Amino acid sequence: MQSLSAASPPVNGSVGPLERGLAVLRALTALSAHGAGPAVRPGDLVRATGLARSVVDRVLGTLQQLGYVRLDGREVSLATGLMELGNAYLAASGLPGALLPFAERLADSLDESVSVAVPDGDGVRFVVQATRRRTMSLAFRIGDLLPAERCAPGALFAAEWDERTWADWRARRAADPLDASFPAVPPRPGPAGAPDLDEFARRAKAAAHDGWALDDQLIEPGLVAVAVPLRDPAGRVACAVNVVSHTSRHDIASLERTALAALRDRMPEMEAALAAPAEAGAGAVAGAGAAAWAGAGGEPPSAGVIGADPARLVKREMGAGFLQSLARGLAVLRALGERAPGGPPPHGGMPLTAVAEATGLARATARRSLLTLVEHGYAATDGARLFRPTPRVLELGYAPLAGLGFTDIARPHLRELVGAVHESASLAVLDGGDIRYVERVPTVRIMSVNITIGTRFPAYATSMGRVLLAGLDADARAAYLAGLDPQPLTRHTLTSLPGLARVLQGVRASGYALVDEELEEGLRSLAVPVRDADGHVAAALNLAVHAGRGTPEDTLRTLLPPLRATAARIEADLRTAFAHRPPGLGARRQAGV
């Protein structure tokens with residue numbers, strides 16, 4: 001694993017700001033994972049990286065403008081937009097697109113969690129996940145890194161290690177005998193000796209002979225797994241498919257009997273899917289423009305300017321503190337997720353010219369960034385002309401961010417909205433004929449709206465309810481109205497079924513709902529939809545105000561633009577966060593729809 005320190009001198013021709021930015025992101029991820037909580041202080045990053053406080057501040061300011069970190073007073077935390085970098089690797093690898101359907105079908109047929117892992121140095125990193133929903137959940141987050149010797153895929157990968165990788169592994173085991181540098185696994189109970197090291201070599205040799213590997217509670221007591229390798233057209237192990245269970249359901253022998261045959265039966269199909277030409281990577285890093293340039297008004301300043309360098313234009317707007325070279329380097333890393341048509345996953349790549357064109361950078365500038373990424377292990381090259389991102393990109397915050405749910409993603413945006421407009425903001429989902437509040441950020445006023453998470457109201461009399469009902473298809477909307485017996489909650493409540501049908505049509509056309517004193521006297525609310533990556537309404541976002549503070553027209557004029565902008569930012573983060581997750585783990589299910 002890479003050191004957090006940035007004190008080593010830069011390599012010849014490398015981009016110093018990019019190196020320092022990567023060091024800060026690594027440190028922030030590590031500190032977040034090792035118990036410092038989701039937010040850390042800049043001083044913690046200074047100590048972890050060895051960088052000067054002024055340098056850390058400039059790096060954080062630039063990363064904030066790119067939408068990759070959040071600064072809240074004296075604390076900094078990872079932002080969902082950072083997942084764009086990991087999504088670039090996942091898109092370029094072709095693995096989620098090729099193997100997720102197989103993983104889902106295997107998980108359904110075996111009723112066990114199925115994952116796909118790739119080698120990352122002397123570790124194992126998970127890139128695809130299809131889980132079973134149980135009280136005792138057995139799953140790794142996409143991006144989690146495990147020691148190779150403590151999981152079934154590791155033995156399969158070690159079977160192809162060269163002497164240098166074995167030497168690196170032994171050095172790592174000597175330096176970190178308790179696996180403290182792997183936050184995804186419990187620490188070892190004690191240091192390992194020579195027999196333990198020799199045992200892994202024997203398991204790797206057996207895996208090479210058998211063509212499969214077992215994990216009999218190596219990660220932690222109770223967890224068992226079986227894995228098989230998938231090879232690329234050149235015959236190299238590209239990844240491993242892993243079935244995980246618990247000893248309450250299977251011991252290692254019964255899991256082997258149950259899962260191994262199913263895995264082997266599907267190996268030819270899965271390897272064929274890996275070898276199949278991939279479609280062009282357009283949209284592979286969906287939302288990159290919006291998230292990366294959120295600090296410049298939500299759109300890349302160069303939009304519509306062919307060949308423009310976004311980092312240069314943003315620097316003009318952000319001032320001297322904006323690290324242009326860092327922004328350019330991360331743009332190069334994102335661009336590697338755009339795969340050429342017909343490129344064979346997962347060992348394709350992009351030529352320098354294509355990277356320069358995708359980013360609007362000069363070839364020399366793009367080349368320096370690429371060489372820096374290669375030097376630090378975030379990109380690889382075939383030695384001739386092609387560059388591709390590596391699994392190590394996922395160490396930049398992906399695993400902790402992949403664990404976020406819908407409300408976790410939305411919450412910071414609600415806080416920013418409340419801070420800007422000084423009114424209470426909420427998210428709700430449709431639950432039968434009611435709305436149910438799933439997130440809320442209140443404002444501080446002498447007279448405010450008192451609602452808590454879990455509160456339910458009749459959908460027909462609320463702005464969020466009308467937005468959610470308007471998001472249903474025509475048949476579902478008609479069925480809802482046919483079974484409705486609306487009661488007046490105030491003297492203003494609309495109870496006419498034809499009238500409600502017309503209102504819902506209007507809400508569907510306008511994209512917002514304004515409800516004035518229909519739920520409660522003196523309460524006015526304005527809501528807009530929040531859509532998932534497929535365009536379905538996943539939830540509704542609203543602002544609640546006292547009806548005495550201006551007219552309905554005033555409310556629309558002052559609150560609708562920031563409300564819509566907030567919904568758009570949440571939607572961009574949802575597209576980024578759920579880009580490579582199974583449909584069953586999408587935003588609509590996370591929101592409770």
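Let me start with the chain as a whole, which has 593 residues, 53% of them counted as buried, and which contains 21 helices and 18 strands. If we take the contacts with a separation of 6 or more, residues 24 or more positions apart account for 64% of them. The accessible surface comes to about 24,700 Å², and 53% of that belongs to carbon and sulfur atoms.

Before going into detail, a word on confidence: the mean pLDDT is 86, and 82% of the residues reach 70 or more. Where pLDDT is low, the predicted coordinates should not be read in detail.

Now please look at the open sheet of six strands, which runs in the order β15-β14-β13-β18-β17-β16 with antiparallel pairing. Strands β15, residues 456-458, and β16, residues 513-516, stand at the edges, and because each has a single partner strand, one side of each is left without a neighbour in the sheet. From one strand to the next, the twist averages 30 degrees. Within this sheet, β13 (residues 424-431) and β14 (residues 434-441) run antiparallel and are joined by seven bridges; Ser-426, for instance, has Arg-440 in β14 as its bridge partner.

Which helices pack on this sheet? One is α16, residues 406-421, which touches β13, β14, β17 and β18, and whose direction makes about 145 degrees with that of β13. Another is α17, residues 463-470, which touches β13, β14, β16, β17 and β18, its direction making about 155 degrees with that of β18.

Let me finish elsewhere in the chain, with helix α9, residues 252-275, which has a kink of about 45 degrees at Met-267, shortly before the proline Pro-268. Met-267 itself is buried, as are other residues of α9, among them Ile-252, Leu-255, Ala-259, Leu-263, Met-270 and Leu-274. And what do the buried residues of α9 pack against? Their neighbours are helix α5, residues 95-110, together with the strands β7 (213-216), β8 (223-231) and β9 (237-246).

Note on methods: Residues numbered from 1 in each chain as written. Predicted model: local features only at pLDDT ≥ 70, side-chain atom pairs only at ≥ 80, totals over all residues. Heavy atoms only, no water. Pairing = 2+ DSSP bridges. Helix = DSSP H or I, 4+ residues; strand = E, 2+ residues; numbered from the N terminus. Axes fitted to C-alpha atoms, helices over the stretch in contact; angles between N-to-C directions. Contact = heavy atoms within 4.5 Å. Buried < 20%, exposed > 50% of the residue type's maximum accessible area, 1.4 Å probe, protein only. Areas by Shrake-Rupley, 256 points an atom, 1.4 Å probe, with all protein chains shown as cover. pLDDT = per-residue confidence, 0-100. Bend = angle between axes of the 7 residues up to and from the residue.
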